[in-house]
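Subject: the model I said I'd send

Hi,

Have a look at it first, then read on.

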Amino acid sequence: MNQQASVLRTGRKFDQVLEGARAVFLADGFEGASVDNIARAAGVSKATLYSYFPDKRVLFMEVVRSACVQQADASLELAPGSRGPREVLRAAAERVHGVLLGGFSLQLFRIFVAEADRFPELGPMFYESGPMTLHGEIQAYMEAAAARGELKIEDADLAAAQFIELCKADVFLRFLFKIDTEFTEAERERVISGAIDTFLARFGA
């Protein structure tokens, strides 16, 4: 990751190059993406591209870095306010579905699996900025709700993981393996409602 320091993150074409690269990498993976195609997608010359990024590897790492920043900045607001556990868990479940079925995170996940040997440091970086952050926010809510007597949870870390897995039921593997590329509101609602009902049946106060 030391090469990242050499990237010049200024200039009017920088974001343009990054967006073009992201589209090509997500479509073709690291190995299949060519600098020519990236420059074409970004609408810039190869000379302009190389003025920002010395090689394709550095460009790929910058695409991942920016995605991780985007994930980390997307905080999940689970402060209960006047809402009870059912309403808060619904907000969490909808966010889980947004991450799992939104496409971008899953496309990156597929690339990380394919490129695990070439970029072993990127998978953990993406996990820590996205899935682990989401898990931590849900865990923190569950700990606070248990302290208020709204939930009966002794191990909030495990309970948060279990809730996320419940939200993945039926739809995630179908989406991961491209059996289905989209789901209706009724299909999502079936999974979300089932996840909340099952969780509260086990942990409800």
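Below is what came out of going through it.

A word on the ground rules first. This is a predicted model, so local features are reported only at pLDDT of at least 70 and side-chain atom pairs only at pLDDT 80 or more, while totals for chains, interfaces and linings use all residues. Residues are numbered from 1 along each chain as its sequence is written, and side-chain values use heavy atoms, with hydrogens and water left out.

**Overall fold**

The protein has 11 helices and 0 strands; helices here are DSSP runs of H or I with at least four residues, strands are E runs of at least two, and both are numbered from the N terminus. Along the sequence that reads α-α-α-α-α-α-α-α-α-α-α. There are 205 residues, and 42% of them count as buried. Buried means under 20% relative accessible area, exposed means over 50%, and partly exposed is in between (1.4 Å probe, protein chains only).

**Salt bridges**

I took a salt bridge as a side-chain nitrogen of Lys or Arg within 4 Å of a carboxyl oxygen of Asp or Glu. By that rule there are 13 salt bridges.

One of them joins Arg118 to Glu31, with the closest N and O atoms 2.7 Å apart. Arg118 sits in the loop between H6 (104-114) and H7, and Glu31 in H1 (residues 14-32), so this pair ties together parts that are 87 residues apart in sequence. Arg118 is partly exposed at 36%, whereas Glu31 is exposed at 53%.

Another pairs Asp36 with Lys46, at 3.2 Å between the closest N and O atoms. With Asp36 in H2 (residues 35-42) and Lys46 in H3 (residues 46-52), the pair ties together parts 10 residues apart in sequence. Both ends are partly exposed: Asp36 has a relative accessibility of 38% and Lys46 has 37%.

Then there is Arg65 with Glu62, 3.0 Å from N to O. These two both lie in H4 (residues 56-73), 3 residues apart, or about one turn of the helix. Arg65 is partly exposed at 27%, but Glu62 is buried with a relative accessible area of 0%.

Salt bridges also link Asp170, Arg174, Asp180, Glu187 and Arg190 into a network.

**Aromatics**

The structure has 10 aromatic pairs. Rings of Phe, Tyr and Trp (its six-membered ring) pair if their centres lie within 6.5 Å; planes under 30 degrees apart are stacked, over 60 edge-to-face, and the rest tilted. Phe199 and Phe203 make a tilted pair, 4.7 Å centre to centre with 40° between the planes. They are both in H11 (residues 185-203), 4 residues apart, again about one turn of the helix. Phe199 is buried at 1%, and Phe203 is buried at 8%. Elsewhere, ring pairs connect Phe25, Phe30, Phe60 and Phe119 into a cluster.

**Surface patches**

Patches are built from residues with over 30% relative accessible area and no salt bridge, joining like charges within 9 Å and nonpolar side chains (Val, Leu, Ile, Met, Phe, Trp, Tyr) within 5 Å. Areas come from the Shrake-Rupley method with a 1.4 Å probe, and for residues only the protein chains shown count as cover.

Leu173, Phe177 and Ile179 make a nonpolar patch of about 360 Å². Leu173 belongs to H10 and is exposed at 52%.

A patch of negative charge gathers Glu143, Glu154, Asp155 and Asp157. For this, Lys and Arg count as positive and Asp and Glu as negative, with His and the chain ends not counted; a charge is placed at NZ of Lys, CZ of Arg, CG of Asp or CD of Glu. Asp157 is in H9 (residues 156-168) and is partly exposed at 39%.

**Backbone**

Most residues other than glycine have a negative phi. Which residues go positive here? Among them are Asp170, with phi near 75°, and Lys178, with phi near 60°. Asp170 lies in the loop between H9 and H10 (171-176) and is partly exposed at 42%. Lys178 is in the loop between H10 and H11 and is exposed at 59%.

Cheers
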